[in-house]
Amino acid sequence: MDETEFWAIVDSSREAADGDPEEQTDALVDRLVMLDPDSVLDFARHFEARLARSYRWELWGAAWVLLDGASDDAFDNFRCWLIGQGRRVFEGALHEPDDLAELLEDFDEETDGDAEELGYAAYEAYEQLTGLELPDLGIAAQPDEPAGTPLDFEDPKALAERFPALTERFWE
């Protein structure tokens with residue numbers, strides 16, 4: 001499975017779910033169980049690689065603004081959700097996290113920004129296909145610290161200066 005196929009599956013699951021993260025997980029599992037186990041493993045590798053790539057301080061700061069705070073678990077769930085938004089939003093957010101203010105048409109902090117289960121879709125699909133747990137993917141573990149320069153999440157002024165568009169659109 002190449003990157004284009006990965007994103008096509010993500011996009012089709014999001015479209016089928018009309019943006020609902022829980023329904024997107026179900027739609028993603030439904031699509032993955034139509035593949036062979038090796039393709040599901042490839043999908044899982046692509047997903048995990050994007051999780052690792054998005055483990056960045058600046059993206060965590062953007063999540064903090066969007067979610068009005070984000071613990072480490074909330075940031076993990078946010079990154080799963082971000083992948084679920086598709087390639088354009090994901091890559092745009094990695095390039096410049098403040099651009100999420102323009103990349104996101106709508107954002108409801110009650111339902112958006114949290115898609116923990118999306119991160120388990122490949123695991124569930126693999127188990128349904130094989131009766132076995134997903135084996136080790138053979139990729140490096142996430143580092144202990146996010147990439148980039150740490151931000152002071154407790155300093156609203158610093159966050160507003162770093163993320164002016166997000167602050168203007170999403171912070172009260």
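1. In the contact between the two helices, where contact means heavy atoms within 4.5 Å, Ile9, Val10, Ser12, Ser13, Arg14, Ala16 and Ala17 of H1 meet Glu23, Gln24, Ala27, Leu28, Arg31 and Leu32 of H2. By class, this contact of H1 with H2 has 7 nonpolar, 3 polar and 3 charged residues, with Ala, Val, Leu, Ile, Met, Phe, Trp, Tyr, Cys and Pro counted as nonpolar, Asp, Glu, Lys and Arg as charged, and the others, Gly among them, as polar.

2. The model is predicted, with local features requiring pLDDT of at least 70 and side-chain atom pairs pLDDT 80 or more, while totals for chains, interfaces and linings use all residues. Residues are numbered from 1 along each chain as its sequence is written, and side-chain values use heavy atoms, leaving out hydrogens and water.

3. The structure holds 14 aromatic pairs, a pair being rings of Phe, Tyr and Trp (its six-membered ring) with centres within 6.5 Å, and planes under 30 degrees apart counting as stacked, over 60 as edge-to-face and the rest as tilted. For Phe6 and Phe43, the ring centres are 4.8 Å apart and the planes stand at 40°, so this pair is tilted.

4. Trp7 and Phe90 form a tilted aromatic pair, at 5.7 Å centre to centre with 40° between the planes, and Trp7 is buried, as is Phe90.

Definitions and conventions
Helices (H or I, at least four residues) and strands (E, at least two) are DSSP runs, numbered from the N terminus. Buried means under 20% relative accessible area, exposed over 50%, partly exposed in between (1.4 Å probe, protein chains only).
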